[in-house]
Amino acid sequence: MDYVERLREQWAEQLPEVDTSVADVTARLRRIAGLLDARVDAALDEREVSRPELDVLTALRRTGRPLRAGEVTTLTGAPGASITKRLDRLERAGLVARTVLERDRRGVVVELTDAGRALVDDVFPRQLALEEDALAGLSADDRATLAALLAPVLRRLDPVER
């Protein structure tokens with residue numbers, strides 16, 4: 001019996017009239033995400049970078065170009081005020097640099113420093129390895145099926161996809 005089965009059993013005793021079958025999927029998704037996040041957080045502790053800060057760094061790395069703060073906000077889905085705080089912290093750590101645009105003094109772009117790029121290039125593959133390990137019990141076909149089943153749920157909920 002896994003966590004969700006125990007949870008549903010407990011709710012069935014307390015509120016038998018409530019259908020908790022949706023938890024078979026949603027509670028498992030939340031539980032898996034939480035457990036994976038905890039593993040990634042542990043791997044990041046030694047680098048003194050948080051997972052939300054890594055999200056900023058990986059957004060910069062995967063685009064391969066400097067970004068305006070608003071673009072970072074869009075790519076990460078985090079609120080603008082949170083991005084500003086993360087960028088402040090990452091800049092103090094020497095992982096990103098901000099540059100005021102010559103043509104528009106109000107515009108600021110953010111780019112990875114060499115140290116920031118090196119950190120992402122080290123940490124991101126380790127994050128993928130943790131995720132690979134979590135999915136080790138699934139065949140390639142099962143993974144493809146699971147991805148296909150989850151994609152429309154994400155599109156329905158994700159404001160970036162609308």
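Trainee: Which residue does Arg-89 form a salt bridge with?

Mentor: Arg-89 pairs with Glu-53, the closest N and O atoms being 3.5 Å apart. A salt bridge here is a side-chain nitrogen of Lys or Arg within 4 Å of a carboxyl oxygen of Asp or Glu. This is a predicted model: local features need pLDDT of at least 70, side-chain atom pairs count only at pLDDT 80 or more, and totals for chains, interfaces and linings use all residues. Residues are numbered from 1 along each chain as its sequence is written, and side-chain values use heavy atoms, with hydrogens and water left out.

Trainee: Which helices do Arg-89 and Glu-53 lie in?

Mentor: Arg-89 is in helix α5 and Glu-53 in helix α3, so the pair ties together parts 36 residues apart in sequence. Helices are DSSP runs (H or I, at least four residues), strands likewise (E, at least two), numbered from the N terminus.

Trainee: Is Glu-53 buried or exposed?

Mentor: Glu-53 is buried, at 9% relative accessibility, while Arg-89 is partly exposed at 25%. The cut-offs are under 20% relative accessible area for buried, over 50% for exposed and partly exposed in between (1.4 Å probe, protein chains only).

Trainee: Switching topic, how many residues does the largest nonpolar core have?

Mentor: It has 20 residues. Such a core is a set of buried Ala, Val, Leu, Ile, Met, Phe, Trp, Tyr and Cys residues joined through side-chain atoms within 4.5 Å.

Trainee: And which helix gives the largest share of this core?

Mentor: That is α3, with 4 residues.
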